[in-house]
Amino acid sequence: MTENDFPKHARAVVVGGGVIGCSTAYHLAKLGWDDVVLLERKQISCGTTWHAAGLITTLRDTEAQTRMAQYSLQLYSDLEAETGQSTGFINCGSVQLAMDADKAEEMRRGCAMARTFGVENREVTPAEIKELFPHANVDDLVAGFYFPDDGRVNPADVAQALAKGARQRGVTIIENCKVTDVMFDGERAVGVQTEQGDITAEVVVLCPGMWGREVGLRAGVDLPLQAAEHYYLISEPIEGIHNKLPILRDPGRAVYAREEVGKILLGFFEPVAAPWGVDGIPENFCFDEIQPDWERMESHLHTGMERLPILFDTGIRQFFCGPESFTPDHNYLMGRAPFKQNLFVACGFNSLGILSGGGAGNVMAQWINDGVQPMDIWDVDVRRIQPCQNNKSFVVDRIYESLGIAYQMHWPNRQWETARNVKQSILHDRLAAAGACFGESAGWERPNWYARAGQEATYEYDFGRQNWFDNNREEHIAVREAVGVFEQSSFAKLLVQGRDACAVLNRISTADVDVAVGKVVYTQFLNVRGGVEADLTITRLAADTYFVVTAAFTQTHVHAWIHENIPAGSFCLVTDVTGAYAMLSVQGPNSRALLSSISSGDFSNAQFPFGSMQQVEIGYQNAMAIRISYTGELGWELYIPTEMALPVYDQLIAAGVDHGLKHCGYHTLNTLRIEKAYREWAHDMGPLETLLEAGLGFTAAWDKSGGFLGREALVQQRDAGALKRRLVQFVLDDPEPMLTHNEPILRDGERVGYTMSAGYAHTLGGCAAMGYVNNDDGVTPEYVAGGSYTIEQADRTYTARASLKPMYDPKSVRTRS
């Protein structure tokens, strides 16, 4: 391409020519974007795409990831007819193997959920596995799970087919053109700088693959990922090996296997990985390989080959090692970059780029085109990332665990073991001394439950009642009958200040926040379609100052949402003050008496009503006390200047002895809120669920001056008649089973939805869950009451009671007592 031919402007510039970049460009063009430029530093599919295994397996962790995989499967089977370029798609099916009862239980649960999304599957015996793949050793298996619609592709051909389809629709693809920086006008991305010249653009999409962290740092976006060594071997030809043999996925041995032109390809997801390119990826890296570490991989080779013993007698034609990048939480990085305009990202696919590439490109294109994500992908949304999670040492240390995590047991409440203690509350050591068993969320070490004296504060994982079940019961009952204290310093805290702060927040909040100083408002932020983008509290501290509190994992998203919705010229500033305050939540019927015993403040109902804030003194210290509840009981949240938190905590614990005070963890906060049917954002609602569907219409100030973002969509839905989808609370009749989430909901034997969150409701006497019930003719109170409900888990079903209203204290008398 000559200098005169090099484009100077495009509607969209896509950076990166791997499968994700090619898919995004292809789908933008398919939506009518006829002025798209894709820039690739070397050649299409180089980097990591070209050496992928090409597995298209549709059993995924979430609905969104399943839908993306299903879309990819269909797209890759159709692309050749459209473009003339083969993708090498073979519908061979796949089998996942279970070596023990726990893995079989995990798979049965996942398969039940997958059937809700139309993923065909069935359990097979070891003998049936042998019939499907005769060379497999099945002696150590208890079961297998067969997915007949799964398949495989040639990854490089997929990228080339997408690129060809994009070109046919008008996309300009330029290879050997390195992007050196993203250009900005303020916070708005306006193009890219390349070694061949600048290109201005209305939208920039970063699909940089394993270069993501480096590219993100230059653009001011946190894209935490790290490359690691990734291995597979290819045998010599073996008689009887053909391309219709199913893919074998063997978590117990951390390997997968498939046919490769009459040979066996055996791939590895070893539990402890090896980082690669920690000090930077070589500048000229293209279709390169990494020298294999035979010594490190020897035991993994032996373990994996035991699944296909013929490999011991067959030569290894190639032992391949290539780089693949992984994120710290093993989820993708997709969506709108926070604090930026017109900048989107898609990378960090954790060796699932081919599998998800077609669907991910489709999602990205629709998101860019419509301004709203087409499905709920919070688990892979780049806005979940905290700046601390992009710390290089953290990212490198986590890679040892994150590469192999997909092939490990997916226990309920499983905690990461590597790269811990990023953030600790000032009260951390006090909590540890009290028996806290810590979990990690958004980098914070948080007390999930408290061990009794003599009990080890560690998890013993199980699909039934885990070793902390009785601890949770005692904590739960303490809050219901006496008083508990929750350390919640990790909650994000934002100050919104300025003469236009009220107008800014009122425009994006469903509730009216133009309230008296000291008033606490529970509200949501919505997108233009009425979907819930945030669920939080806002306290007015002064005429021009508000205090916003939201969950720790939403810190980046909520901060960015407010920031990005400040109109030009407005006097409004958002400041993150999370670290400035510790937070102790004191909850339960004895909370008033306990706080009154250590403070001169008047905590009576008349002087300190629900939904209000007051500054109080506790000993020599001060605290901002907010009367609010996420437990369904009388209680206050104490926001204490960090430097004063230790003495306040000590006074509270000392005085609590006389009031039955108990330390309580986040697991107990969860069981209490589920029993009360309190919602949690990203579990029970998200960008695709409207305020009305989530049962939170009571927060909407329909007639406030200026309205609120998303109101028009809500009014249209409200006036259309009965909702076709609503969040319902369930409680199992049998007190023994434990639900987690993602269990199918059946009404009169028909699937109508699945659970979003679950926890044991100790007061109600059984496991409780919340999930959406769907009905085209409307989910009315009569419809809910008129059905017979069961919850499906693995190969079992449990009868359940269903209610649109909270089954515990439905009128919320206790919180306002």
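1. Angles under 35 degrees count as roughly parallel, over 145 as roughly antiparallel, 65 to 115 as roughly perpendicular and the rest as oblique. The axes themselves are lines fitted to C-alpha atoms, for helices over the stretch in contact, with angles running from 0 to 180 degrees between N-to-C directions. Helices (H or I, at least four residues) are DSSP runs numbered from the N terminus.

2. A word on the source: this is a predicted model, in which local features need pLDDT of at least 70 and side-chain atom pairs count only at pLDDT 80 or more, while totals for chains, interfaces and linings use all residues. Residues are numbered from 1 along each chain as its sequence is written, and side-chain values use heavy atoms, with hydrogens and water left out.

3. Do have a look at α14 (residues 591-598) and α15 (residues 645-656), whose axes come within 10 Å and cross at roughly 120°. The two helices are therefore oblique to each other. Their crossing is right-handed (the near helix is turned clockwise from the far one by less than a right angle).

4. Which residues make that contact, taken as heavy atoms within 4.5 Å? From α14 come Leu 594, Leu 595, Ser 597 and Ile 598, and from α15 Gln 651, Leu 652, Ala 655 and Gly 656. By class, 5 are nonpolar, 3 polar and none charged; here Ala, Val, Leu, Ile, Met, Phe, Trp, Tyr, Cys and Pro count as nonpolar, Asp, Glu, Lys and Arg as charged, and the others, Gly among them, as polar.

5. Helix α1 (residues 19-30) has 12 residues and should span 16 Å at 1.5 Å a residue, which agrees with its end C-alpha atoms being 16 Å apart. The expected span is 1.5 Å times one less than the number of residues. Just after α1, Gly 32 has a positive phi of about 100°.

6. α1 also packs on α5 (residues 155-168) at an angle of about 25°, the axes being 8 Å apart. That makes the pair roughly parallel. Val 19, Cys 22, Ser 23, Ala 25 and Tyr 26 of α1 meet Val 158, Ala 159, Leu 162, Ala 163, Gly 165 and Ala 166 of α5, a set of 9 nonpolar, 2 polar and no charged residues.

7. Finally, is Gly 706 buried or exposed? Gly 706 lies in the loop between α16 (666-675) and α17 (711-719) and is exposed, at 61% relative accessible area.

Notes:
Contact means heavy atoms within 4.5 Å. Buried means under 20% relative accessible area, exposed over 50%, partly exposed in between (1.4 Å probe, protein chains only).
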